[in-house]
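Here is a short briefing to read alongside the model. Keep the viewer open and follow the topics in turn.

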Number of protein chains: 2
Amino acid sequence: MTAPTGGYARVTMLSIIPVTGIGDVSPGDDVAAAILAAMARSGLALEDRDVVVVTHKVVSKAEGRIAAVATDRDYRDLVESEAEAVLRRRGDLAITKTKHGFVCANAGVDRSNVPDGQAVMLPIDPDRSAHSIRRRLEHETGKHVAVVVSDTFGRAWRTGLTDVAIGVSGFAPIADLRGTTDMYGRVLDVTEVAIADEIAAAADLAMGKASGVPAAIVRGLDLAGEGRATDLVRQPAGDLFR
Amino acid sequence: MTAPTGGYARVTMLSIIPVTGIGDVSPGDDVAAAILAAMARSGLALEDRDVVVVTHKVVSKAEGRIAAVATDRDYRDLVESEAEAVLRRRGDLAITKTKHGFVCANAGVDRSNVPDGQAVMLPIDPDRSAHSIRRRLEHETGKHVAVVVSDTFGRAWRTGLTDVAIGVSGFAPIADLRGTTDMYGRVLDVTEVAIADEIAAAADLAMGKASGVPAAIVRGLDLAGEGRATDLVRQPAGDLFR
């Protein structure tokens, strides 16, 4: 079997550990320090190759990406200003393309888990956010880790929402298995696995939506490569459904 | 906080355990027995509330959903006969709606991890398959478990593929959080989480694509409710992108 490039090695077991007790985050706060402090209070320590998944909401808050929205009209105006394009609209829902290229509802502007009268936007550059958090985590702990900044997106053809990666640092978000052969020696049909999105989804299972747990550690993967979450954006030329 | 219906309780830690050593599966084989035998050889036993995730390929093989495809033309003909509709076509790739309602490439017909000259189709009724496997697992072990049958699908706007649930038994595949409030007491914007798809994605991280590991145990969730994977299919009336 050819070793995958930017892939993920076979694992014996994965652990997904929610990081509880991070509490609320305010503009200017150090997200990496907040995660490490909460982990320490739970008796947890980072290990080499851990993937630290953090929901964008605390990252956005720390980066001051909060706006006052007194009315629904204010909210809609904020969505319009955050969106690069509106692809579809139905009632209050706008399916938008963000300035990063992500296709999601309402340009990722969200009023849950934010004080009343405020809304939180996506980070300006979530890959840069992930990179900054990773550098801080590695500096503080001496461990080599990866970071995923996640958000909750809908899908075109499936109901319900899942968490996906909007920022990554420390690994290639798509495991490129081209040239890898299956158990019969046949080259795989499936060659590009969006492992960053699978990691975000796995972390969400341990975090929940209402519980105020904005981070989780995914332990047991052996990730490789480098890349950006914008690698996960299908370019319009390859998009049959826009 | 209102308890979610069909939701998932807060967890302290999730474990995702690959089930190695299942080996090849032939028509008529008992998938549940094969999983339990492989687990036993690894010193593993099912526990109450375990979610057993199994890739559809072994389920389809056991159900005899295999066809001879001597040529690429045979393969294309098989895809046509398995598809209810072809939504888009580009070169060899057909984006199809299957008879179950799933939107995926080539009607889910796959030539990886199948002997040369053969292709494997999706199960006729993957929810029924999941249910049968669950009943067999519960009968053999006396434990209450859930089952997910997974496949690897592409997405409209994002590159790479992720594993999703095409069959479920023993829980509601969408966690309905309507009425749940966030940490500020505000009703959540995100109310329907596709936990079955997140479980399938998490399991894939432990299985890989080339390694011949067709099952994994997701341990630590506390799932509720009942439902079918077809609940995850967005109906055409709610689909803005078909």
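Through which surface do the copies, chain A and chain B, meet? They meet through the same surface, because 100% of the interface residues of chain B are also interface residues in chain A. Please keep in mind that this is a predicted model, in which local features need pLDDT of at least 70 and side-chain atom pairs count only at pLDDT 80 or more, while totals for chains, interfaces and linings use all residues. Residues are numbered from 1 along each chain as its sequence is written, and chains are lettered from A and ligands numbered from 1 in the order in which they are written.

**How the copies are related**

- Two copies of a chain are related by a rotation about an axis and a shift along it.
- Here, chain B is superposed on chain A by a rotation of 180 degrees with 0.0 Å of shift along its axis, at an RMSD of 0.0 Å (least squares on the C-alpha atoms of residues with pLDDT of at least 70 in both).
- That is the relation of a two-fold axis.

**The interface between the chains**

- Chain B brings 65 residues to the contact and chain A brings 65 residues (two residues are in contact if their C-beta atoms, placed from the backbone, lie within 7 Å).
- On the side of chain B that touches chain A, at least two residues each come from strand S1 (14–18), strand S4 (83–90), strand S11 (192–193) and helix H5 (195–207) of chain B (helices, H or I with at least four residues, and strands, E with at least two, are DSSP runs numbered from the N terminus).
- H5(B) gives the largest share of that side, nine residues.
- By type, the residues of this side of chain B are 34 nonpolar, 12 polar and 19 charged (Ala, Val, Leu, Ile, Met, Phe, Trp, Tyr, Cys and Pro count as nonpolar, Asp, Glu, Lys and Arg as charged, and the others, Gly among them, as polar).
- Strand S1 (residues 14–19) of chain A pairs with S1(B) in the antiparallel sense over three bridges (strands pair if DSSP finds at least two bridges between them).
- In this pairing, A:Ile16 has B:Leu14 of S1(B) as its bridge partner.

**Domains of chain A**

- Chain A is assigned domain 1 (1–63 + 123–233) and domain 2 (66–122), with bounds from an automatic or database domain assignment.
- The centres of the two domains of chain A, taken over C-alpha atoms, are separated by 24 Å.
- In chain A, 13 residues of domain 1 are in contact with 12 residues of domain 2.
- H2(A) gives the most to the domain 1 side of this contact, with four residues.

**Hairpins in chain B**

- S4(B) pairs with strand S5 (residues 93–98) of chain B in the antiparallel sense over six bridges, and B:Ala85 has B:Lys97 as its bridge partner in S5(B).
- Two residues lie between the strands of the S4(B) and S5(B) hairpin, where B:Gly91 takes a positive phi near 55 degrees.
- S5(B) is also joined by three bridges to strand S6 (residues 103–105) of chain B, and these strands run antiparallel.
- The hairpin of S5(B) and S6(B) has four residues between the strands, and B:Gly101 takes a positive phi near 105 degrees there.

**Helix H1 of chain B**

- The buried residues of helix H1 (residues 31–41) of chain B are B:Val31, B:Ala32, B:Ala34, B:Ile35, B:Leu36 and B:Met39 (buried: 20 or more other C-beta atoms, placed from the backbone, within 10 Å of the residue's own).
- These buried residues of H1(B) pack against strand S2 (51–55), helix H2 (56–62), helix H4 (126–141) and strand S12 (215–219) of chain B.

Key:
A residue is buried if 20 or more other C-beta atoms lie within 10 Å of its own, exposed if 12 or fewer, and partly exposed in between; C-beta atoms are placed from the backbone.
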